[in-house]
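Colleague: Please show me the model, and then we can go through it by question and answer.

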Amino acid sequence: MRVKRLEIQGFKSFKDKTVIHFDDGVTGIVGPNGCGKSNIVDSFFWVMGEQSNKHMRADGSMDLIFNGSEKYAPLSMAEVTMVLSTGSTGATLPEGATLRDLPPHMRFEEISITRRVYRSGDSEYLINGQLCRLKDIHELFMDTGAGPKAYSIIEQGQISKIVASKPEDRRTLVEEAAGIVKFKARKKESLRKIEATRQNLLRINDIISEIERQLGFLERQATKARAHNASLRSRLR
């Protein structure tokens, strides 16, 4: 996948809608200090699902929305859309397969990913204009080398951080490049569901034990009631 364009509106210093095209031959973005170059990088991280405001040099989500100036009023929403070219022209479907069986990057020639945040605190994630979950965006970027914590985006100071990192941290980058992160994530999710099911079974066993105890008590009560009724019938005769 290749980034085709980035659309920014209301995000940090970008009051008006700004469209940045990444055509072939683009090697860098230059400009004077304070013009918003770092905010473009932050918008990349943000639209791909970054949750740490500190990573984007902000104290909270409200700092990501254009806060106004002497000439302009604050905006109520920040939005970033990243359009990716997948290079797919319609893959040939295997026999018996449907379009949904293909990976997301093989279904369309372009994929647009949108993230919005409102001053009310509400946020939205969209893929191709359809509301989705943050998990869907993370799964879209799995094993592609892209993402807020992937190896394809190297920010200032990260090289020295990688060199000085622990072997376990470097292993994460290697696994991402090897394309096994998706399977490890699915394994983790499956283990979590298994553990939740195990806990549910324990609770069910507790409930069964409690019901069996109550049944024993009710059986004893029923035996006494039958004996009492037999005594009454005898006296009545």
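The turns below go from the chain as a whole to single residues.

Colleague: What kind of model is this, and which pLDDT do side-chain atom pairs need to count?

Modeller: Residues are numbered from 1 along each chain as its sequence is written, and side-chain values use heavy atoms, with hydrogens and water left out. This is a predicted model in which totals for chains, interfaces and linings use all residues, local features need pLDDT of at least 70, and side-chain atom pairs count only at pLDDT 80 or more.

Colleague: Which pattern does the chain follow along the sequence?

Modeller: Helices (H or I, at least four residues) and strands (E, at least two) are taken as DSSP runs, numbered from the N terminus. The chain has 5 helices and 6 strands. Read along the sequence, their pattern is β-β-α-β-β-β-β-α-α-α-α.

Colleague: What percentage of the residues of the chain count as buried?

Modeller: The accessible surface of the chain is about 16,500 Å² (Shrake-Rupley method, 1.4 Å probe; for residues, only the protein chains shown count as cover), and 54% of that surface belongs to carbon and sulfur atoms. A residue is buried under 20% relative accessible area, exposed over 50%, and partly exposed in between (1.4 Å probe, protein chains only). Of the 237 residues, the share that counts as buried is 25%.

Colleague: Among contacts between residues at least 6 apart in sequence, what percentage join residues at least 24 apart?

Modeller: Contact here means heavy atoms within 4.5 Å. Among the contacts between residues at least 6 apart in sequence, the share joining residues at least 24 apart is 58%.

Colleague: Is Phe44 buried or exposed, and which residues does Phe44 touch beyond four places in sequence?

Modeller: Phe44 is in helix H1, residues 37-47. Its relative accessible area is 15%, so Phe44 is buried. Met82 is 38 residues away along the chain, yet the two C-alpha atoms are separated by 7.7 Å. Not counting residues up to four places away, Phe44 touches Val3, Leu6, Phe22 and Met82.

Colleague: Why does the salt bridge of Arg57 and Asp42 tie together parts apart in sequence, and how many residues apart are they?

Modeller: The side chains of Arg57 and Asp42 meet in a salt bridge at 2.5 Å, N to O, where the rule asks for a side-chain nitrogen of Lys or Arg within 4 Å of a carboxyl oxygen of Asp or Glu. Arg57 counts as exposed at 52% relative accessibility, whereas Asp42 is buried at 5%. Because Arg57 lies in the loop between H1 and strand S3 (77-85) and Asp42 in helix H1, the pair ties together parts whose separation in sequence is 15 residues.

Colleague: How many salt bridges does the rule give?

Modeller: Side chains of opposite charge can pair when their charged atoms come close. Arg5, Glu7 and Lys17 are linked in a network of salt bridges. By this rule the count is 13.

Colleague: Where do the buried residues of helix H2 lie around the axis?

Modeller: Helix H2 covers residues 134-141, and its buried residues are Ile137, Leu140 and Phe141. The arc is taken from the directions from the helix axis to the C-beta atoms. These residues cover an arc of only 90°, which means that they lie on the same side of H2.

Colleague: Which residue takes a positive phi in the hairpin of S5 and S6?

Modeller: Two strands pair if DSSP finds at least two bridges between them. Strand S5 (residues 123-127) runs antiparallel to strand S4 (residues 110-118), joined by 5 bridges, and S5 pairs with strand S6 (residues 130-132) in the antiparallel sense over 3 bridges. In the hairpin of S4 and S5, with 4 residues between the strands, Gly121 takes a positive phi near 100°. The hairpin of S5 and S6 has 2 residues between the strands, and the residue with a positive phi, near 55°, is Asn128.

Colleague: Which residues beyond four places in sequence is Lys15 in contact with?

Modeller: Lys15 is placed in the loop between strand S1 (2-9) and strand S2 (18-21). Leaving aside neighbours within four places in sequence, Lys15 is in contact with Gln9, Gly10, Phe66, Tyr72 and Leu75.
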